[in-house]
Amino acid sequence: MILCADTTPFSWQAALDAAGILLPAAAPPAAAYTPVVVHEGLAFVSGQLPRDETGVTTVGRVGEEVTLEEAQAGARLALVRGLAALRDGLGGIDRLDRILKMTVFVSSGPDFVEQSAVADGASTLLFELLGLERGRHARSAVGVAKLPRNAAVEIELIASVKPASSF
Amino acid sequence: MILCADTTPFSWQAALDAAGILLPAAAPPAAAYTPVVVHEGLAFVSGQLPRDETGVTTVGRVGEEVTLEEAQAGARLALVRGLAALRDGLGGIDRLDRILKMTVFVSSGPDFVEQSAVADGASTLLFELLGLERGRHARSAVGVAKLPRNAAVEIELIASVKPASSF
Amino acid sequence: MILCADTTPFSWQAALDAAGILLPAAAPPAAAYTPVVVHEGLAFVSGQLPRDETGVTTVGRVGEEVTLEEAQAGARLALVRGLAALRDGLGGIDRLDRILKMTVFVSSGPDFVEQSAVADGASTLLFELLGLERGRHARSAVGVAKLPRNAAVEIELIASVKPASSF
């Protein structure tokens with residue numbers, strides 16, 4: 001009997017490397033909350049904004065000051081920050097198993113109804129990194145009035161974590 | 001000793017049949033995410049809109065283009081779609097245990113504050129199907145600026161799943 | 001070998017007493033949902049408004065009718081109500097382990113972008129009660145169009161529950 005599965009175990013770090021994505025450095029600790037909390041194999045990730053070392057990169061309401069394409073790039077960046085938070089919170093990106101649920105809040109002008117397309121900017125990155133099967137995740141996209149620091153998009157995550165023994 | 005409990009185990013399918021609710025056919029697969037993700041007995045259900053085979057049925061902001069009654073019917077329909085997604089994702093509606101948490105996003109006009117009443121349209125269906133004890137669920141209702149496809153309501157769910165051995 | 005840990009086990013009740021916080025009486029049962037649902041060590045807490053026996057205390061949009069300071073006090077009160085709901089739902093506040101995730105919805109005027117500062121009103125209370133380590137929690141803060149009963153803030157929680165045997 002030949003076992004074919006699991007001979008090349010998935011590595012988040014290898015997938016990020018292959019995609020040319022360098023996770024940013026650890027964010028400065030937040031004043032009043034923590035980026036990632038782990039409980040019994042679930043990781044809860046605080047709302048992530050699209051930001052780099054200069055601050056929030058995508059500012060304003062989508063459909064007004066922000067285009068769909070800019071918002072999609074912002075969603076992708078917010079997810080990258082969420083992955084960086086998971087790396088820091090878990091002690092290594094390869095302790096991350098899967099992204100189970102993604103909630104995408106989109107700061108929306110009065111006539112903007114393409115919140116799902118904005119969220120695709122993040123979902124697509126997961127499939128790029130993980131492929132169609134492992135990249136599967138549940139998702140909600142909603143249009144909100146305003147986000148912290150006037151960000152165009154905010155993403156929160158629930159992820160599964162590998163047991164220490166399998167790592 | 002006579003055991004009275006569990007002699008007529010609860011069946012979601014029987015409850016749906018008794019209520020005259022036919023779950024819709026499987027939705028076409030979404031491009032960039034998956035309707036239901038299961039992890040360790042929890043099912044995360046992506047945001048569900050009120051839609052039928054013709055598209056989104058309840059469009060616009062509640063308190064403006066949409067009445068409370070229309071929004072309640074929309075919430076009920078969105079929940080039915082969530083149950084259909086669970087049936088498809090779990091391989092049968094009777095693998096579903098309970099709805100633990102429901103988040104109801106209501107596209108709200110500037111003066112509309114009856115988001116809880118909108119959400120009751122979905123909560124009431126759970127109690128119709130499951131009774132007062134098994135139908136118990138936690139819930140949040142919030143008024144948002146705009147929803148995908150201009151839907152009036154969007155519902156996401158966290159559910160518990162029966163272990164395979166009990167099914 | 002001397003074991004120093006766990007000799008003075010943490011008590012939520014003692015921490016609340018030390019902070020001079022009296023959890024309010026049980027809320028009247030909601031019509032169509034339940035304040036707290038527990039499943040496998042996780043407690044899902046329904047959206048909580050800032051309210052006392054007279055009704056919702058903090059009404060309107062932050063940045064318009066409501067100041068930041070009022071909204072922070074409202075967030076703190078909504079969290080206190082969430083703790084009271086947990087006490088009632090768990091059969092005692094000391095069955096509560098930790099707050100894992102807090103979602104803070106802030107009814108926001110068109111130019112208000114300090115949702116994180118509003119949420120700090122609740123986060124700060126957790127650290128007052130629990131200290132810097134045990135008070136750690138993930139958090140999202142978003143600005144929404146309108147909340148039920150025109151509340152300025154609504155907070156939902158996911159908490160961990162102690163196993164009965166440890167209680």
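Reader: Where is B:Arg139 found?

Author: B:Arg139 is found in strand 6 of chain B, which covers residues 138–144. One thing to keep in mind as you look around: this is a predicted model.

Reader: Why is B:Arg139 called buried?

Author: The relative accessible area of B:Arg139 is 3%.

Reader: What does B:Arg139 contact, leaving aside its neighbours within four places in sequence?

Author: In chain B, its contacts include B:Lys101, B:Met102, B:Asp120 and B:Ser123. B:Arg139 is also in contact with residues of chain C, among them C:Tyr33, C:Thr34 and C:Ser46.

Reader: How many residues of chain B and chain C are in contact?

Author: There are 29 residues of chain B in contact with 23 residues of chain C. The area buried between chain B and chain C is about 1,900 Å², and carbon and sulfur atoms give 61% of that. On the chain B side, the residues that lose the most area to chain C are B:Leu100, B:Val113 and B:Arg139, together 22% of what that side buries.

Reader: And what about chain C and chain A?

Author: That contact takes 29 residues from chain C and 23 residues from chain A. About 1,900 Å² is buried between chain C and chain A, with 61% from carbon and sulfur atoms. In chain C, C:Leu100, C:Val113 and C:Arg139 lose the most area to chain A.

Reader: Is C:His137 buried or exposed?

Author: C:His137 has a relative accessible area of 0%. The cut-off for buried is under 20%, so C:His137 counts as buried. You will find C:His137 in the loop between helix 3 and strand 6 of chain C. Its touching partners include A:Tyr33 and A:Val37 from chain A, and C:Ile99 and C:Phe127 from chain C.

Reader: What makes the link between C:His137 and C:Ser123 a polar contact?

Author: The two side chains make this contact at 2.8 Å. The limit for such a pair of N or O atoms is within 3.5 Å, so the value qualifies.

Reader: What makes strand 6 of chain C mostly covered?

Author: Of its 7 residues, 7 are buried. C:Ala138, C:Ser140, C:Val142 and C:Val144 point one way, while C:Arg139, C:Ala141 and C:Gly143 point the other way.

Reader: How do you know that strand 5 and strand 6 of chain C pair?

Author: Pairing asks for at least two bridges. Strand 5 (residues 96–107) and strand 6 of chain C share 7 bridges, in the parallel sense, so they pass. Along the way, C:Phe105 stands opposite C:Val142, and C:Thr103 stands opposite C:Ser140. With helix 3 (residues 115–134), these strands make a right-handed β-α-β unit.

Reader: Which way does strand 5 of chain C pair with strand 7 of chain C, parallel or antiparallel?

Author: Strand 5 and strand 7 (residues 153–161) of chain C pair in the antiparallel sense over 9 bridges. Here C:Ile99 stands opposite C:Ala159. Strand 5 of chain C is itself mostly covered, with 11 of its 12 residues buried.

Reader: Which residues of helix 1 of chain C are buried?

Author: They are C:Trp12, C:Ala15 and C:Leu16. Viewed down the axis of helix 1 of chain C, these buried residues fall within an arc of 100°, so they line one face of the helix. They pack against helix 2, strand 5 and helix 3 of chain C.

How values were computed:
Residues numbered from 1 in each chain as written. Chains lettered and ligands numbered in written order. Predicted model: local features only at pLDDT ≥ 70, side-chain atom pairs only at ≥ 80, totals over all residues. Heavy atoms only, no water. Buried < 20%, exposed > 50% of the residue type's maximum accessible area, 1.4 Å probe, protein only. Helix = DSSP H or I, 4+ residues; strand = E, 2+ residues; numbered from the N terminus. Right-handed = clockwise from strand over helix to strand, strands pointing away. Arc of directions from axis to C-beta. Contact = heavy atoms within 4.5 Å. Buried area = accessible area lost by both parts, 1.4 Å probe. Polar contact = N/O pair within 3.5 Å; in protein donor to acceptor, adjacent residues only side chain to side chain.
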